[in-house]
Number of protein chains: 2
Amino acid sequence: MSNTLDKIDTQILDILQTDSNRTTKSIATELGMTTSPIFERIKKLEKEGYIKKYVAVLDNKKIGLKLTVFIGITLQGHTRSYLEKFVKEINNFPEVVECHRVSGNFDYLLKLVVEDIEAYETFIITKLTLLPYLGNVQSLIALSTSKETNKIDLSAVL
Amino acid sequence: MSNTLDKIDTQILDILQTDSNRTTKSIATELGMTTSPIFERIKKLEKEGYIKKYVAVLDNKKIGLKLTVFIGITLQGHTRSYLEKFVKEINNFPEVVECHRVSGNFDYLLKLVVEDIEAYETFIITKLTLLPYLGNVQSLIALSTSKETNKIDLSAVL
DNA sequence: TTGTTTAAAAGAATATAATTCTTTTACGAG
DNA sequence: CTCGTAAAAGAATTATATTCTTTTAAACAA
C-alpha cells in the first residue's frame, strides 16, 4: 500500500478538481497515457480517500442566494458540553456552509450563504441570537468576491 | 425561456450537489420519473448556468494541507487602481482559495489552505507583507472545522 | 550480463450509462 | 371538444466506464 502521490496523481487531481466530468480518455491523452492506468489511478485515489466526492458547483447568485456573510462569534460560557451543543445547532442551520473553531479574536467563524440582507437579519434574530451564552457577534458582509474555489494547490505537497 | 426552478429542478440540484456521479437513471428512480426528462432538465440547468461545473472534492488533510486560515486585511491607501492590483496579486496566490471584499472591520477577508503553520508564516512573510499599502492584518487560524460544504440551501428559493 | 520478479501500462473486449430520436401523454387556449 | 405545445416516456444508438489479458519496463539476484 503505497501512500504517496506522484506527479501523475497530482496532475490527475488537478484536472478533476477543475472538471470532474472529463473522460478518462481525454485525461489520458492530455497526460500522454492510455485509459487503463488513468482509470486505475483514479479508482485508487477514490478508494484511499484522497478524493472524497464529486459534486456539482452551483451559481449562488443565479439561484437567488446573493449574499455571503462571515460571522465571528465569541461565547461567554465555555463548558465542553455546551460547546458541543452549540456547534451541533450551528451545523444544522442550512444557511451555514462553514463553521470553524478558531484562535484569534473569535471563538468561532461561520460562513453563510443567504438570499439577501433580510434573510441574513432573519437568521441573526430567529436563529443565532436564540442560542444561549452568546458573547460578541461580528459580521463581515461580502460586498464582492474575486476568488472562491475549493481547488487546493497540490504543488506544495509533491 | 423559462427562468424559474420548480420543485423537481431543486431536487435534482440537491442530489447533484451531494453526488454528481449519480446516474440519470438512479436520480429518475428516486424522483419517480424516467431518465429522459431528468437528463434534459440537467442539460438545461447546465446550459442556463445554474450548474457552473462539476468538480472532485479532495481531502485536504489527507493530501497534506492541514491548515485553514482566515486573514482579515485593511488597506491604507484606497485608490481604485491600487485595489485592483492588490486583488489581482492576491488571487494569483495558489494557497488563497477565497478573497472577499467585505464591509465591517476589514477591507478584505481571505481564506487560505496550506500545509502547516510554517507554510502559513512563509506566505505572510514572502508574499502578503510584500504588498504595499497593507494596513492591519489579523489571522484567524482554524483549530477545527465542524462544517465545510459548498452545498447551498435551495429550500429558501423555491 | 542474463534471467526472474513485480508493478505499471497498453490494448482488446465487455458492460454500463449517456445521449439521441420517436412516440405518447397531459394540459391550456381558442 | 380539438388543436397546439411542452413535458415525459420508451426505444435505439453512441460513447464511456470497466474489466480482463497481454506487454513493457524497472529492480534485483545469480
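The legends below describe close-up views of a predicted model in which two protein chains, A and B, are seen with DNA strands C and D.

Residues are numbered from 1 along each chain as its sequence is written, while chains are lettered from A and ligands numbered from 1 in the order in which they are written. Because the model is predicted, local features need pLDDT of at least 70 and side-chain atom pairs count only at pLDDT 80 or more, whereas totals for chains, interfaces and linings use all residues, and side-chain values use heavy atoms, with hydrogens and water left out.

**View 1. The two domains of chain A.** Chain A is divided into domain 1, residues 7-47, and domain 2, residues 60-141, with bounds that come from an automatic or database domain assignment. Taken over C-alpha atoms, the centres of domain 1 of chain A and domain 2 of chain A are separated by 38 Å.

**View 2. The protein surface near DNA strand C.** A residue is counted as near a strand if one of its heavy atoms lies within 4 Å of it, and for DNA strand C these residues are Ile8(A), Met33(A), Thr34(A), Ser36(A), Pro37(A) and Arg41(A), together with Thr23(B), Thr24(B), Phe39(B) and Lys43(B). By class, this surface holds four nonpolar, four polar and two charged residues, where Ala, Val, Leu, Ile, Met, Phe, Trp, Tyr, Cys and Pro count as nonpolar, Asp, Glu, Lys and Arg as charged, and the others, Gly among them, as polar. Helix α3 (35-47) of chain A and helix α3 (35-47) of chain B each supply at least two residues of the surface near DNA strand C, and α3(A) gives the most, with three residues. Helices (H or I, at least four residues) and strands (E, at least two) are DSSP runs, numbered from the N terminus.

**View 3. Side chains of chain A at DNA strand C.** Of the atoms of DNA strand C within 4 Å of the protein, 73% belong to sugar or phosphate and the rest to bases. Ser36(A), by contrast, has a polar side-chain atom 2.9 Å from a base oxygen of DNA strand C.

**View 4. The salt bridges around Arg41(A).** A salt bridge is a side-chain nitrogen of Lys or Arg within 4 Å of a carboxyl oxygen of Asp or Glu, and Asp9(A) and Arg41(A) meet in such a pair, at 2.9 Å from N to O. The pair links distant parts of the chain, with Asp9(A) in helix α1 (residues 7-18) of chain A and Arg41(A) in helix α3 of chain A, 32 residues apart. Asp9(A) is buried, with a relative accessible area of 10%, and Arg41(A) is partly exposed at 21%; buried means under 20% relative accessible area, exposed over 50%, and partly exposed in between (1.4 Å probe, protein chains only). Asp6(A), Asp9(A) and Arg41(A) are linked in a network of salt bridges.

**View 5. The protein surface near DNA strand D.** Around DNA strand D lie Thr23(A), Thr24(A), Phe39(A) and Lys43(A), together with Ile8(B), Met33(B), Thr34(B), Ser36(B), Pro37(B) and Arg41(B). Sugar and phosphate account for 75% of the atoms of DNA strand D that come within 4 Å of the protein. The side chain of Arg41(B) has an N or O atom 3.0 Å from a phosphate oxygen of DNA strand D. To this surface α3(B) gives the most, with three residues.

**View 6. Glu98(A) and its contacts.** Glu98(A) is placed in strand β3 (residues 96-103) of chain A and is buried, with a relative accessible area of 4%. Its side chain makes a polar contact with the side chain of Lys111(B) at 3.0 Å, a polar contact being a pair of N or O atoms within 3.5 Å; within protein, one must be able to donate a hydrogen and the other to accept it, and residues adjacent in sequence count only if both atoms are side-chain atoms. Leaving aside neighbours within four places in sequence, Glu98(A) is in contact with residues including Leu109(A), Phe70(B), Glu98(B) and Lys147(B), where contact means heavy atoms within 4.5 Å.
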